[in-house]
Amino acid sequence: MRMITMSFIRKALDDQRGQALPWVVLGLVALLGVSGFTIDAGHAYVVRSQLQNSANAAALAAAGNVYNTSTTNNATTVANQFAGSSGELNTNSSLISMTTSVATKCLNLLMPKPTLCVTGSPANAVQVTESASVPTFFIKILGISTIPVVAQAT
């Protein structure tokens, strides 16, 4: 009986029929993994461009209010109104946990030539930063359920 078993094992190891099947399966798994990663990365890229558009819109809407008031609170309010966060004018319902932060600052680039921004200078620019978590479709298998995306406009 032992001789028959050894003969069968030796025959099975020497037989080369059906060896393409494991390679095809491995190739398909690799191809599907790369395709899934590409789809998730492409989706994150599209969401980032939408987020950038929203940040640009908020910064441009607020820019006109920087010089119109003695305080920049109005510019911050307008930027928050045109942000992409939930309930605002540029809301994107496909984004999870989107946050917007607005800061007013003084930029030397926008000051007249001999003057520079110093502490206490009035703000002449608005900076809007928006961040979101993009849900993934395929790389959840690897334990990555969201991809963080950030866009900034001044």
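## Around Gln-127

In this predicted model, Gln-127 touches Ser-101, Val-102, Ala-103, Lys-105, Gln-152, Ala-153 and Thr-154, leaving aside residues up to four places away in sequence. One of these neighbours, Lys-105, also meets Gln-127 through a polar contact of 2.9 Å between the two side chains.

Gln-127 belongs to strand 2, which covers residues 125–135. Is Gln-127 buried or exposed? Its relative accessible area is 15%, and because the cut-off for buried is under 20%, Gln-127 counts as buried.

Helix 1 spans residues 2–14 and holds Phe-8. With a relative accessibility of 62%, Phe-8 is classed as exposed.

## The chain as a whole

Three helices and three strands make up the elements of the protein chain, and from the N terminus they follow the order α-α-α-β-β-β.

How does the overall shape look? The C-alpha trace spans about 100 × 35 × 20 Å along its principal axes. The radius of gyration is 28 Å, whereas a compact globule of 154 residues would have one near 15 Å.

Buried residues make up 25% of the 154 in the chain. The chain exposes about 10,600 Å², with 64% of that supplied by carbon and sulfur atoms. Among contacts with a separation of 6 or more, 56% link residues 24 or more positions apart.

Notes
Residues numbered from 1 in each chain as written. Predicted model: local features only at pLDDT ≥ 70, side-chain atom pairs only at ≥ 80, totals over all residues. Heavy atoms only, no water. Helix = DSSP H or I, 4+ residues; strand = E, 2+ residues; numbered from the N terminus. Buried < 20%, exposed > 50% of the residue type's maximum accessible area, 1.4 Å probe, protein only. Polar contact = N/O pair within 3.5 Å; in protein donor to acceptor, adjacent residues only side chain to side chain. Contact = heavy atoms within 4.5 Å. Rg over C-alpha atoms; globule rule 2.2 N^0.38 Å. Areas by Shrake-Rupley, 256 points an atom, 1.4 Å probe, with all protein chains shown as cover.
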